[in-house]
Amino acid sequence: TNFFGLSSNEGRGRSEHDRCKTLRDSNSGQSGPVFFFAKQIIERVGSLFPEVYFPVFSYDGYKFPPKDFVAPKGLMINVAVGGDYSKAITESGHERTRRQFESWAELKVPLFVFSYTSKMYFSQLPWPIFRNTLRNIQYYHDMGVIGFLGQVSGRNWGPNGLHYYMVSKALWNPDLDVEAVFEDYCEKGFGPAAEDVKGYYGTYWNAVKTKNVPIKRSPDAGG
């Protein structure tokens, strides 16, 4: 599959041109300028490249479709998933994320997922969220998502290797036995120390769940 990205640069600088301002609305924020801009490009060149997807991020100040938006053929939405990773997307607290997926699915556009598969801060600590990650991938599968892109850190394959491993396995098989994969990873990766490693992850995760500790990609990250 071929892609030609039309996403805007990251950052909160916005066009202040009068025509861009008129496309903003109180419900979808910056979505109007972002998605109507992409739509105009796709409508002009899409017929020349019928087998190309034109992905645009659903992210930050432009998560939802603008009012009265009709998606052109070829548009792909890349949903950026953030928020509190101590809870799966299907749990309370992620209503806005689910609405993000559902609002684009209603327009029948192909969906892609961008996910933070490593933390931005304290990157040398394990991220014990692999069970929720499997539940999230099952949700993506149920929503008809056709692709996944995970942001990783090249510095933490040791402490975060379990999460990367679980993501790669679950993307091929969202119905896998998460506990069997966890046990297999610990036994093959740590040998005689497998039980200690499993105990460490168990203690860590139980503390997160019983104390209701949010896990975010950075201290000030929103949903």
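A word on the ground rules. This is a predicted model, in which local features need pLDDT of at least 70 and side-chain atom pairs count only at pLDDT 80 or more, while totals for chains, interfaces and linings use all residues. Residues are numbered from 1 along each chain as its sequence is written, and side-chain values use heavy atoms, with hydrogens and water left out.

**Stop 1: the sheet**

Show the cartoon and find the five strands, which form an open, parallel sheet in the order 1-2-3-4-5. Helices (H or I, at least four residues) and strands (E, at least two) are DSSP runs, numbered from the N terminus, and two strands pair if DSSP finds at least two bridges between them. Select 2-3 and 147-151 next: these are strand 1 and strand 5, the edge strands, each with a single partner, so one side of each has no neighbour in the sheet.

Now select 75-81 and 111-116. These are strand 3 and strand 4, paired in the parallel sense over five bridges. Which residue of strand 4 stands opposite Val79? Look for Val113.

**Stop 2: the core**

Select Phe35, Ile77, Phe101, Leu111, Tyr140 and Met166. Of the 48 residues in the largest nonpolar core, these touch the most other members. A nonpolar core is a set of buried Ala, Val, Leu, Ile, Met, Phe, Trp, Tyr and Cys residues joined through side-chain atoms within 4.5 Å; buried means under 20% relative accessible area, exposed over 50%, and partly exposed in between (1.4 Å probe, protein chains only).

Zoom in on Met166. Leaving aside residues up to four places away in sequence, Met166 touches Phe130, Leu176, Val178, Val181 and Phe182, where contact means heavy atoms within 4.5 Å.

**Stop 3**

In helix 3, the buried residues are Thr97, Arg98, Gln100, Phe101, Ser103 and Trp104. They pack against helix 2, strand 2, strand 3, strand 4 and helix 4.

**Stop 4: salt bridges**

The structure holds eight salt bridges, each a side-chain nitrogen of Lys or Arg within 4 Å of a carboxyl oxygen of Asp or Glu. Start with Arg135 and Glu91, whose closest N and O atoms are 3.5 Å apart. Arg135 sits in helix 4 (residues 130-142) and Glu91 in the loop between strand 3 and helix 3 (95-105), 44 residues apart.

Next, select Arg131 and Glu179, which meet in a salt bridge at 2.7 Å, N to O. This pair joins helix 4 to helix 6 (residues 178-190), across 48 residues.

Last, pick Glu183 and Lys198, with closest N and O atoms 3.6 Å apart. Glu183 lies in helix 6 and Lys198 in helix 7 (residues 194-210), so the pair ties together parts 15 residues apart in sequence.
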